[in-house]
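Visitor: I'd like to go through this one with you. Could you show it to me?

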Amino acid sequence: MKNVFNRFAADESGATAIEYGMIAALVAVVIITALQTLGTKLTKTFTAVSNQLVAN
């Protein structure tokens, strides 16, 4: 029984899966933030272009 417990305590495969999940979540947050910022800037750019086209 002690041998089974020692193997279970030494097994780190679950920790690795959790780490990969946390990295994937962090990457997703960074991508979402970047896309939102880019979307806001694109909206401002297209609005400015549209206003210039209407003015001319």
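**A greasy patch and its helix**

Guide: Tyr-20, Ile-23, Val-27, Ile-31, Leu-35, Leu-38, Leu-42 and Phe-46 together make a nonpolar surface patch of about 840 Å². Mind you, this is a predicted model, where local features need pLDDT of at least 70, side-chain atom pairs count only at pLDDT 80 or more, and totals for chains, interfaces and linings use all residues. Numbering runs from 1 along each chain as its sequence is written, and side-chain values use heavy atoms, leaving out hydrogens and water.

Visitor: Why is Leu-38 called partly exposed?

Guide: Buried means under 20% relative accessible area and exposed over 50%, with partly exposed in between (1.4 Å probe, protein chains only). Leu-38 has 47%, so partly exposed is the label.

Visitor: Where does Leu-38 lie?

Guide: In helix α2, residues 13–55; helices are DSSP runs of H or I, at least four residues, numbered from the N terminus.

Visitor: What does UniProt list for residues 20–38?

Guide: An unreviewed entry there gives "transmembrane region", though such annotations may be inferred rather than shown by experiment. In the model, that span is 100% helix and 0% strand, with its end C-alpha atoms 27 Å apart.

Visitor: How much of the chain is buried?

Guide: Buried residues make up 0% of the 56. The C-alpha atoms fill a box of roughly 85 × 10 × 10 Å along the principal axes.

Conventions
Patch = residues over 30% accessible without salt bridge, like charges linked within 9 Å, V, L, I, M, F, W, Y side chains within 5 Å. Areas by Shrake-Rupley, 256 points an atom, 1.4 Å probe, with all protein chains shown as cover. Salt bridge = Lys/Arg side-chain N within 4 Å of Asp/Glu carboxyl O. Helix = DSSP H or I, 4+ residues; strand = E, 2+ residues; numbered from the N terminus.
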